[in-house]
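Biologist: Please show me how to read one residue and its surroundings in a model.

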Amino acid sequence: MHETKIPFGERDGTLFRAYEVENGLRCGCVCPGCQQPLNAANNGEKVVPHFRHAKSNDCFDGFREGVRRAAVALIAQHKHLMLPALIETVRVATQDSRLLEEKVELQPVATTADRVERFVDLDGMRGHAVLHQSDRQLIIRIKLSSRMEHERYRLLKGLEHSSMEIDLNHLTLEQINDPASFEHAVLHDPANRNWIRSIRGERLAAIAQQKLQSLAVELNARSQLEQAERVAAEKARQIELDKEKAELQLSLEAHRARQRQIATAQPATEQDNTVQGRAELIAETMLKALQAWGGRAVECTACHLLSPPESQFCLYCDASASTVNPVTLSPDIPLTIHKRMRCSAKPTMSMKSVPRLLLRPDLKASAGVLITPALQKDATQ
Ligand SMILES: [Zn+2]
Ligand SMILES: [Zn+2]
């Protein structure tokens with residue numbers, strides 16, 4: 001355990017490793033934490049050299065204080081240090097909740113200081129080392145516990161200087177005793193350090209933020225424009241639909257007037273409003289389509305009678321559910337029409353949907369009031 005084996009002993013203000021001094025109490029060292037005498041253990045072949053308190057006490061700072069002071073001494077001596085890497089993602093949301101992202105990245109890079117201050121009081125908190133470089137300062141904390149020091153980070157972030165942490169908590173006694181390993185850990189290892197506050201990182205993040213914000217403004221403006229265009233297109237479409245609906249209504253009214261007019265000349269008979277009579281009418285309009293309309297017609301979905309192919313509405317009924325669908329008639333219809341009608345459900349369905357026809361079809365193949373001028377031309381060709 002770290003606390004009982006102490007890597008550094010202090011003599012006349014200088015730190016020594018256990019193998020650099022005489023064994024036992026003759027080392028003449030005191031604990032860097034509590035200043036009580038230490039016993040050096042550097043004799044056994046299997047023992048990693050270390051110190052222990054000569055008299056057991058409740059000091060737990062011997063390990064931490066020694067390692068921290070030795071680390072700070074190295075930094076002060078070399079004035080040279082590997083800076084931590086920084087990887088951060090800046091995010092800005094657009095109005096339509098898209099997340100724009102930009103990575104801010106600082107590679108680990110070595111820095112050299114003009115001078116190094118040791119153990120500096122910063123608003124009641126200790127900076128273990130402060131590197132000065134022209135007018136800039138970098139505060140360094142040496143971490144020697146596994147705890148996260150949130151309050152300390154918060155205070156450091158409130159200062160106007162960059163700050164970083166070097167985590168030496170996981171170093172073994174062997175690594176600490178080996179000057180090269182220890183120096184690598186303190187000065188060069190990019191993996192054991194991180195930024196608490198990086199002024200340069202913040203500047204890069206601010207630039208990225210600004211860039212993303214102007215992009216967001218651009219995207220927002222574009223999506224607003226697109227939205228406005230969609231609304232305008234939808235409005236135009238609605239106007240067009242309303243117009244079509246109004247036109248259809250007008251045509252339907254004109255059609256009804258025409259139906260009423262024709263009905264006075266061609267009223268439906270009682271026979272037309274029976275299943276048998278309706279079957280005959282359906283058959284007759286089919287024959288008429290073949291003879292007069294070139295085999296083409298539209299069929300009413302309500303009364304199932306065929307109207308001339310260009311008709312927008314059924315000529316014979318005013319059923320609200322009536323629409324007309326184009327049909328093409330086969331030339332062999334006259335041979336099979338009676339058989340077809342006997343097994344067709346259409347006459348019954350016709351009677352159900354349209355109990356009373358408005359008028360009866362003009363069954364003469366020659367021009368009648370029911371045939372439009374265009375169709376008259378077709379019929380005479
Ligand atoms: Zn102590
Ligand atoms: Zn109809």
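Modeller: Strands (E, at least two residues) and helices (H or I, at least four) are DSSP runs, numbered from the N terminus. Glu299 belongs to strand S14, residues 296-300. The model is predicted: local features need pLDDT of at least 70, side-chain atom pairs count only at pLDDT 80 or more, and totals for chains, interfaces and linings use all residues. Residues are numbered from 1 along each chain as its sequence is written, and side-chain values use heavy atoms, without hydrogens and water.

Biologist: Is Glu299 buried or exposed?

Modeller: Buried means under 20% relative accessible area, exposed over 50%, partly exposed in between (1.4 Å probe, protein chains only). Glu299 has 14%, so it is buried.

Biologist: Which strands make up the open sheet?

Modeller: Strands of a sheet pair through backbone hydrogen bonds, either parallel or antiparallel. Pairing requires at least two DSSP bridges between two strands. Here the order is S15-S14-S16, with antiparallel pairing. S15 and S16 are at the edges with a single partner strand each, so one side of each lacks a neighbour in the sheet. Leu306 in S15 is the bridge partner of Glu299.

Biologist: Which protein atoms are donors of the zinc ion (ligand 2)?

Modeller: Donors are N, O and S atoms within 2.8 Å of the metal (3.2 Å for Na, K and Ca); water is not among the atoms, so sites may look incomplete. The SG atoms of Cys300, Cys303, Cys314 and Cys317 lie 2.2 to 2.5 Å from the zinc ion. Cys300 is in strand S14 and Cys317 in the loop between S15 and S16, so this pair ties together parts 17 residues apart in sequence.

Methods
Chains lettered and ligands numbered in written order.
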